[in-house]
Every structure is written in structure tokens, then in C-alpha cells.
Amino acid sequence: MRSSFGKILSSVMITGAVAAGSIVAAAPARAGDPCLDIAFTCRGAEPFWSFTTGSDAEGREVVRFSDPENPDDQESPLVIEGCVEQGAPNDFELTTEAPLDLIASIVGQSCTEPSGETTDFSVMVSFKQGAQTATPREVTGKGCCVREK
């Protein structure tokens, strides 16, 4: 026999699952694909890095990542498959595979860049700095993002 607490908990879990499903269904993702078609440009300092999200010529979701530790980072950023997924209603998560192993948490909140410019999103990142070198190392940092139109 189920306790009253068990019935309430079960009801809350079902309601939460239905609500979560509603949020996911409302997101502009392709059927069966958790990746969102959202473009961000993000950058940070200490360590210095920048990335943009978007699609490549074949329609794959990619990240173009520049890291001064990589050779030719300005002319040839590292282009790697990456997926922007919905977090909370105005928060996003971005991940990539090796060699970059980028994890970025993009949060919808005001962010002031070193130049004094204000953006609508902040970001916390973890990645392998110098991913295209013989001695990459795991680093973390923060920065600001702009959501592209």
C-alpha cells in the first residue's frame, strides 16, 4: 500500500515530467535533436579565448574556437562539432568532444566586458587550452556572450 507521501511525490514527479516535456517541446530544436539552432559569440580573458556557435556548410552544429595557445588561432580557429542545448528558460549549455572538450554554461544575465561593453549573457567555460599543441592543459574561465540574430 502506498503512503500519502508516496502518492504526492509520484504526482509531483509526473507533473514535473509533463512540465519539463512542455518546455523541451517549445524549444526550437529539430525533431529528435537536442541541439538548438542558436548562434552565440562569446569571449573571455585570463585565459584569452573566443568562440562562435552555428552551422557549417553541411548543416552540422559546430563551434569555431580561437585560443592564442593554438597555432594560427586567428586565421584558422579550431572548428569542432558542438551542441547548444537548453538549460533553464534563459540558460544554455554547450559541449564539444576532444581535443577541445569544451563545456560552457551560458547564462542569461548582464555581463560587462573589459572594454565596458555590456552584453545579455555571461559564460563560464572549461576547455583544453592549446588543444592543437603537444601540451594541452585543462583551464577554466569566464566571459561574456552575445546572442546573434
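**Tour: a barrel and its disulfides**

Select the strands: eight of them close into a barrel in the order 1-2-3-4-5-6-9-10, with antiparallel pairing. From one strand to the next, the twist averages 30°. Angles run from 0 to 180 degrees between N-to-C directions, with axes as lines fitted to C-alpha atoms. Strands (E, at least two residues) and helices (H or I, at least four) are DSSP runs numbered from the N terminus; two strands pair if DSSP finds at least two bridges between them.

This is a predicted model: local features need pLDDT of at least 70, side-chain atom pairs count only at pLDDT 80 or more, and totals for chains, interfaces and linings use all residues. Residues are numbered from 1 along each chain as its sequence is written, and side-chain values use heavy atoms, with hydrogens and water left out.

Next, select residues 49–55 and 61–66. These are strands 2 and 3, paired antiparallel over six bridges. Pick Thr52: its bridge partner in strand 3 is Arg64.

Now show the cysteines. There are three disulfides (sulfur atoms within 2.5 Å).

- **Cys35 and Cys83.** The sulfur atoms lie 2.0 Å apart. Cys35 is in the loop between helix 1 (4–26) and strand 1 (40–44), and Cys83 is in strand 4. The S-S torsion is about -125°, so the disulfide is left-handed.
- **Cys42 and Cys145.** With 110° about the S-S bond, the link is right-handed.
- **Cys111 and Cys144.** S to S is 1.9 Å. Cys111 counts as buried at 11% relative accessibility (buried is under 20% relative accessible area, exposed over 50%, partly exposed in between; 1.4 Å probe, protein chains only).
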